[in-house]
Amino acid sequence: MKLLWIMSPAKGAYKTALSPFKRGLQQIYMSSEMIVDKDPYRLVGIYPMSVLLRMETNFTNFAVVDQEGRLVPDQGLTKRCLRMYQLIVTVDNNAGYLKKNLAVDPQSFVPIIRHVEKLSKKVWDRLGEEKGREAQAHFDGYKQYLREGAQLGERINTAGREVLRRLEPIKAGQPLKEQEVSLLDKAVLDFMDDSRKRVLVLLESHKARTETKRLFSDALAQKWLAADDEKLAKNIVALLDNSFQVERISIAERGAQNLEQAIWTAKNEVRDFIGKHTDDLLRQKWLLGAKGAGIQA
């Protein structure tokens with residue numbers, strides 16, 4: 001689901017507008033048309049030759065240009081156009097993650113909850129009242145993780161389908177209309193925020209998952225379970241092993257050294273990261289910004 005068509009070689013008035021600022025082998029590319037307050041604009045960027053295969057936000061400088069070829073000096077209008085562009089870049093960069101999530105049925109976890117309930121009773125009987133009660137607290141924590149994961153998964157899938165639906169006219173080459181793109185923006189942020197919450201639920205369930213795995217592994221080693229139940233326990237242990245792999249990946253993706261750091265990072269991640277990236281680009285690369293002071297539109 002690549003959307004790199006959003007930038008194409010600049011032509012006509014759009015190319016002319018930024019030509020005076022091009023240096024050496026730099027190239028000028030322009031975005032698809034963006035409609036803001038009923039007026040058309042394009043984001044035009046100057047790119048180094050080395051990154052032409054990956055356009056995105058690797059431009060050296062950019063400006064928003066109207067259909068008459070005039071650089072737009074209005075920072076607010078520039079930011080609105082830049083955010084639309086940053087949104088499409090975000091969707092493009094997360095296309096694989098979006099597709100992967102939509103391929104998973106959140107309800108597949110529901111039968112596992114029933115299996116855990118069934119097996120936990122048998123483990124309780126073997127452990128006795130006191131140890132059984134301690135074990136049940138871990139089983140309950142694991143079931144809560146599964147329930148919350150399924151609920152968030154449903155919300156993630158709903159937002160993901162909304163993203164795909166609202167992408168269709170954009171993929172078909174229609175202009176980016178701010179009013180409509182804002183709905184795509186909301187769906188993307190909802191999708192990513194619920195994905196963050198699901199990671200947090202996973203990380204915070206570490207102890208419950210660790211103890212559940214230990215208890216079921218012990219039950220298997222001690223031959224406490226009948227053949228059918230033994231098969232269920234083995235499947236759950238395998239599922240838990242996979243959850244720890246996902247946990248390690250989630251910790252690494254947050255640049256954390258340990259579980260506690262990853263939990264803190266997940267709790268404190270900026271929800272509107274698209275807005276943050278937009279502000280950063282506006283400050284660092286806008287041709288008419290601080291670095292471009294003195295340039296006349």
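The following is a conversation about a predicted model of one protein chain.

Biologist: What makes the protein chain more spread out than a compact globule?

Modeller: The chain has 10 helices and six strands. Its radius of gyration is 26 Å, whereas the globule rule gives 19 Å for 297 residues; the value is well over the rule, so the chain is more spread out than a compact globule. Along the principal axes, the C-alpha trace spans about 80 × 35 × 30 Å.

Biologist: How much of the protein chain counts as buried?

Modeller: Of the 297 residues, 46% count as buried, where the cut-off is under 20% relative accessible area. The chain exposes about 15700 Å², and carbon and sulfur atoms supply 51% of that area.

Biologist: What share of the contacts comes from residues 24 or more positions apart?

Modeller: Such residues account for 70% of the contacts with a separation of 6 or more.

Biologist: Where do the positive and negative charges lie on average, relative to each other?

Modeller: There are 48 positive and 39 negative charges, and their mean positions are 4 Å apart.

Biologist: Why is strand β2 called largely enclosed?

Modeller: Four of the five residues of β2 are buried, so the strand is largely enclosed by the rest of the structure. Strand β2 covers residues 27-31.

Biologist: What makes strand β4 mostly covered?

Modeller: Strand β4 runs over residues 39-47, and eight of its nine residues are buried.

Biologist: How do you know that β2 is paired with β4, and in which sense?

Modeller: Two strands pair if there are at least two bridges between them. Strands β2 and β4 have four bridges and run in the antiparallel sense.

Biologist: What joins β4 to strand β3?

Modeller: Three bridges join β3, residues 34-36, to β4, and the two run antiparallel.

Biologist: How many bridges join β4 to strand β5?

Modeller: Six bridges join β4 to β5, residues 61-66, and these strands run antiparallel. Y41 stands opposite D66 in β5.

Biologist: Let us turn to a helix. Why is I113 called buried?

Modeller: The cut-off for buried is under 20% relative accessible area. I113 has 10% relative accessibility, so I113 counts as buried. Its place is in helix α4, residues 110-127.

Biologist: Which residues does I113 touch, leaving aside those up to four places away in sequence?

Modeller: I113 touches K143, L146 and R147. A contact requires heavy atoms within 4.5 Å.

Biologist: How far apart are I113 and Y142, in sequence and in space?

Modeller: I113 and Y142 are 29 residues apart in sequence, and their C-alpha atoms are 8.6 Å apart in space.

Technical notes:
Residues numbered from 1 in each chain as written. Predicted model: local features only at pLDDT ≥ 70, side-chain atom pairs only at ≥ 80, totals over all residues. Heavy atoms only, no water. Rg over C-alpha atoms; globule rule 2.2 N^0.38 Å. Buried < 20%, exposed > 50% of the residue type's maximum accessible area, 1.4 Å probe, protein only. Areas by Shrake-Rupley, 256 points an atom, 1.4 Å probe, with all protein chains shown as cover. Lys, Arg positive; Asp, Glu negative; His and termini not counted. Charge placed at Lys NZ, Arg CZ, Asp CG, Glu CD.
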